[in-house]
Amino acid sequence: MGRKKRDTIEFRFYEVPQGQDCLALLGESWIRVYGIDEKYLHFHNLFEVGYCRNGKGELVLDEEIRQYETSMFSIIPANYPHTTLSPVENFWEYLFFDVDQILRLVYPGNPTKQREAAEIIDKNADLIYEHEHPEMAEVIKRIMEEMRDKKPYYIETTQNLLKAFVLMLIRYQSQQEAARKMSIDGDDGSAMMLIRPALEYIDKNYADPIKVSELADCCNISEPHFRRIFVDTINMSPIDYLNLVRIQNACKIMNKTDHSMEVVASECGFSTFSTFNRNFRKFLDTSPYQWKKNKDNYENKLLNYNINALKGW
């Protein structure tokens, strides 16, 4: 217990099922000892909400270690390093969703408002007592039950509950940020927090041409310093990470559409098909065509490349 922040951080990615608005990880398979086989902190491509149904232990949020117990819930933005550590079996259940997708439903046709709200929601991770914020906890549990039971209209019900929860998150994070500004100067020296704006920029703009200098500018540091911190923290170069995200999204497109490989390559930011093919082989050890023939690759064949790029847990 109480392990220090790791030198390497795992990237784990999830996909929201087609036609739905969140991914729910529920049930007895999540009764386990957490952290026993984990070497590193990890971060996700989606916003994570966890609810501790039973147990106690530590939740590591970047460099902060927080004690949790039964009936607490966690809110963890995408690209935020964290891990859970427990001495005995605990029971957590989880929801994952794309903040931008939900905000498009909350503020349709208003990208400025969507962007401002996303910045507020993604400000910080937190661990919260249910009795201190019972309305948020109730919505979380309602979403989990809808996803568990799958009764008629559960998709529509879940969507509306997620919209309500996101609005609660905006209010909560705004209040917490105001309190932090009153109490501290807010200077976070964490390397991961320093490069997080670049990770978020990549997530939103991977289909566009991106230079490392642009990513460094996002973080307000020099390009050489940015490159050094990025490699030390993520254990791969900024361009390799960018291409990994592009390949991840290419898999999503190929899994859901019949677009030609050339179109997929273009939609994911690769200037030529040969570049797309080379990077696909680099990360998946197979060609896009062969992968398309065997959809099981999507679940099972994303190989480690310097960082551990995992499909979920």
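Let me start with the second largest pocket: 30 residues line it, and Asn45, Leu46, Asp98, Asp203 and Lys252 lie nearest its centre. A pocket here is an open set of points on a 1 Å grid over the protein atoms alone, where a 1.4 Å probe fits, with protein on both sides within 12 Å along at least five of seven lines; lining residues have an atom within 4 Å of a point. Helices H1 (99-106), H5 (191-205) and H8 (238-256) each give two or more residues to this lining, and H8 gives the most, with six. Helices are DSSP runs (H or I, at least four residues), numbered from the N terminus.

This is a predicted model: local features need pLDDT of at least 70, side-chain atom pairs count only at pLDDT 80 or more, and totals for chains, interfaces and linings use all residues. Residues are numbered from 1 along each chain as its sequence is written, and side-chain values use heavy atoms, with hydrogens and water left out.

Now the helix pair. H5 and H8 pack at about 35 degrees, with axes 10 Å apart. The axes are lines fitted to C-alpha atoms over the stretch in contact, and angles run from 0 to 180 degrees between N-to-C directions. On the H5 side, Leu199, Ile202 and Asp203 meet Tyr241, Leu242 and Val245 of H8, where contact means heavy atoms within 4.5 Å.

Last, two loop residues. Lys150, between H3 (134-149) and H4 (154-183), has a positive phi of about 50 degrees although it is not a glycine. Asn235, in the loop between H7 (223-234) and H8, also has a positive phi, near 70 degrees.
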